[in-house]
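Work through the exercises below with the model in view. Try each task before reading its solution.

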Amino acid sequence: MAKRPRIGVTGTARFWSPGWWCAAFALRLAGGIPERISVNHPPSGKPLDGLLIGGGNDISPEHYQGDIDKPVKSDPARDKLEIRWIKAALEQDIPLMGICRGAQLINVVLGGTLHQDIRNIRQHTYNRPGLLPTKQVKISPESKLAGIFKKHRLRVNSLHHQAINSTGKGLQIVGRDLDDLIQAVESDH
């Protein structure tokens with residue numbers, strides 16, 4: 001019997017966290033063992049085979065040269081914890097994936113920047129947050145993402161109002177929405 005991969009999943013520390021419960025369910029369905037990591041959920045110390053950085057609140061602007069005077073709904077303790085985990089995963093060559101905020105934070109750790117608030121940039125896509133897949137994302141045909149989904153267009157939900165502006169070191173853009181905002185990046189190696 002093959003060893004089941006242990007995947008660390010970061011996110012909010014709240015008990016009722018749909019992101020955690022959905023990620024844990026999906027990982028179990030795929031044969032993995034999810035391990036919750038948050039400011040209230042310390043890691044077990046067992047080695048991880050992968051790390052998933054989950055979605056959630058805004059990333060504090062001081063991490064990407066944003067406007068620190070604009071109001072944001074951030075979680076500084078979570079930012080600090082996840083930045084530490086992302087750096088460790090990169091140093092130890094542990095596979096890393098980010099969902100929404102998670103992808104944005106990986107980008108920031110690699111030196112990229114964010115649009116602090118995309119609501120005024122949007123013209124062609126639905127601007128209200130929602131759980132249903134209302135936004136269309138065009139995927140680069142040669143990307144790993146297109147290979148996984150066997151599609152060049154995906155429909156996704158939209159809960160965020162920050163987005164990647166410039167990519168960090170070693171990242172390439174592989175998905176954009178109809179407003180040309182970056183919705184997916186991959187490692188270029």
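**Exercise 1: the surroundings of R78**

R78 touches T10, G11, T12, V39, G54, G55, G56, N57 and R101, leaving aside residues up to four places away in sequence. Contact means heavy atoms within 4.5 Å. This is a predicted model: local features need pLDDT of at least 70, side-chain atom pairs count only at pLDDT 80 or more, and totals for chains, interfaces and linings use all residues. Residues are numbered from 1 along each chain as its sequence is written, and side-chain values use heavy atoms, with hydrogens and water left out.

Solution. 
- Step 1. Helices (H or I, at least four residues) and strands (E, at least two) are DSSP runs, numbered from the N terminus.
- Step 2. Buried means under 20% relative accessible area, exposed over 50%, partly exposed in between (1.4 Å probe, protein chains only).

Solution. 

**Exercise 2: the whole chain**

Task: how many helices and strands does the chain have, and in what pattern?

Solution. 
- Step 1. There are four helices and ten strands.
- Step 2. Along the sequence they run β-α-β-β-α-β-α-β-β-α-β-β-β-β.

Task: what share of the 189 residues is buried?

Solution. 
- Buried residues make up 40% of the chain.
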